[in-house]
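Visitor: Before we discuss anything, please show me the sequence and the structure together, and then tell me how the terms are to be read.

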Amino acid sequence: MNRETVIAAALDLLDEVGLDAVSTRRLAKRLGVEQPSLYWHFRTKNDLLAAMAEAAMEPHAAQALPEVGDDWREWFAENTRSFRRTLLARRDGARLHAGTAPVADLDRIRHKLDFLVASGVPEHHAGTAMLAAGRFTVGSVLEEQADLGAAAELPADLPVIDHESAFEAGLALILGGLEQLRSSRPR
């Protein structure tokens, strides 16, 4: 048993039972080991959850980085959509990810920020834009993954917006705001 095996089993357990039911006891049983042997790889359950969150983000982290000449709007939108897809790929993916620090992804984040700045987004807004898009995405996915059909209980005169449409509308607002900041930047 190695660290990667434990993480993979923990993610499978997450998909099966949900975040609230993931426990080191259940994980040890799934792996056929005694619970204390898990502490060889992870000192605390929080360490395990952080490793699970990092591993769950691998599909997003594997996306190509933006290059000089790429359209910043298209890249920003696709980067945010990729993050959403990755969160949705796991049961309780948004809850697992919420509150984590992107320690292993810092070089990629710096590259993305540099790309935005090179594309004309004011430097002091590039980081805020990435953070806002990330938090908006986590919140959107959190709502989507928690949806128990509450929209069916709304009055008939209120429009029902599906989760993807609502996400795309919010993303368009973020992009519009960035475009205004970019256009108002002194050249």
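Predicted model: local features only at pLDDT ≥ 70, side-chain atom pairs only at ≥ 80, totals over all residues.

Visitor: How far does α7 reach from its first C-alpha to its last?

Guide: The expected span of a helix is 1.5 Å times one less than its number of residues, and for α7, with 13 residues, this gives 18 Å. The reach of α7 in the model is close to that expectation, at 18 Å.

Visitor: What is the relative accessible area of Val 121?

Guide: After α7 comes Gly 120, whose phi is positive, near 105°, and Val 121 has its place in the loop between α7 and α8. Val 121 and Trp 72 are 49 residues apart in sequence, yet their C-alpha atoms are 9.2 Å apart in space. Val 121 counts as buried because its relative accessible area is 0%.

Visitor: What is the volume of the largest pocket?

Guide: The search uses a 1 Å grid over the protein atoms alone, where a cavity is a set of points at which a 1.4 Å probe fits but cannot get out, a pocket is an open set with protein on both sides within 12 Å along at least five of seven lines, and lining residues have an atom within 4 Å of a point. The largest pocket is lined by 31 residues, of which Phe 83, His 97, Thr 100, Pro 102 and Ile 109 lie nearest its centre. With grid points joined across faces, edges and corners, and the volume taken as the space filled by probe spheres set on the points, the largest pocket has a volume of about 960 Å³.

Visitor: Which element gives the largest share of the lining of the largest pocket?

Guide: The elements that give two or more residues to this lining are α3 (45–56), α4 (58–61), α5 (72–88), α7 (106–118) and α8 (123–146). By class, the lining has 16 nonpolar, 10 polar and five charged residues, where Ala, Val, Leu, Ile, Met, Phe, Trp, Tyr, Cys and Pro count as nonpolar, Asp, Glu, Lys and Arg as charged, and the others, Gly among them, as polar. The largest share, nine residues, comes from α8.

Visitor: What is the volume of the largest cavity?

Guide: The structure holds one cavity of 30 Å³ or more. The largest cavity is lined by Thr 24, Leu 38, Tyr 39, Phe 42, Thr 44, Lys 45 and Leu 48, which by class are four nonpolar, two polar and one charged. The volume of the largest cavity is about 40 Å³.

Visitor: What covers the buried residues of α9?

Guide: The buried residues of α9 are Phe 167, Gly 170, Leu 171, Ile 174, Leu 175, Leu 178 and Arg 182. Seen down the axis of α9, they fall within an arc of 140°, so they line one face of the helix. On the other side of α9, Leu 173 and Gln 180 are exposed. The cover over the buried residues of α9 includes α5 and α8.

Visitor: Which residues is Leu 142 in contact with, leaving aside its neighbours within four places in sequence?

Guide: Leu 142 has its place in helix α8 and, at 38% relative accessibility, counts as partly exposed. Leu 142 and Gly 93 are 49 residues apart in sequence, while their C-alpha atoms are 8.0 Å apart in space. With those neighbours left aside, the contacts of Leu 142 are Ala 94 and Arg 95.

Methods
Residues numbered from 1 in each chain as written. Heavy atoms only, no water. Helix = DSSP H or I, 4+ residues; strand = E, 2+ residues; numbered from the N terminus. Buried < 20%, exposed > 50% of the residue type's maximum accessible area, 1.4 Å probe, protein only. Arc of directions from axis to C-beta. Contact = heavy atoms within 4.5 Å.
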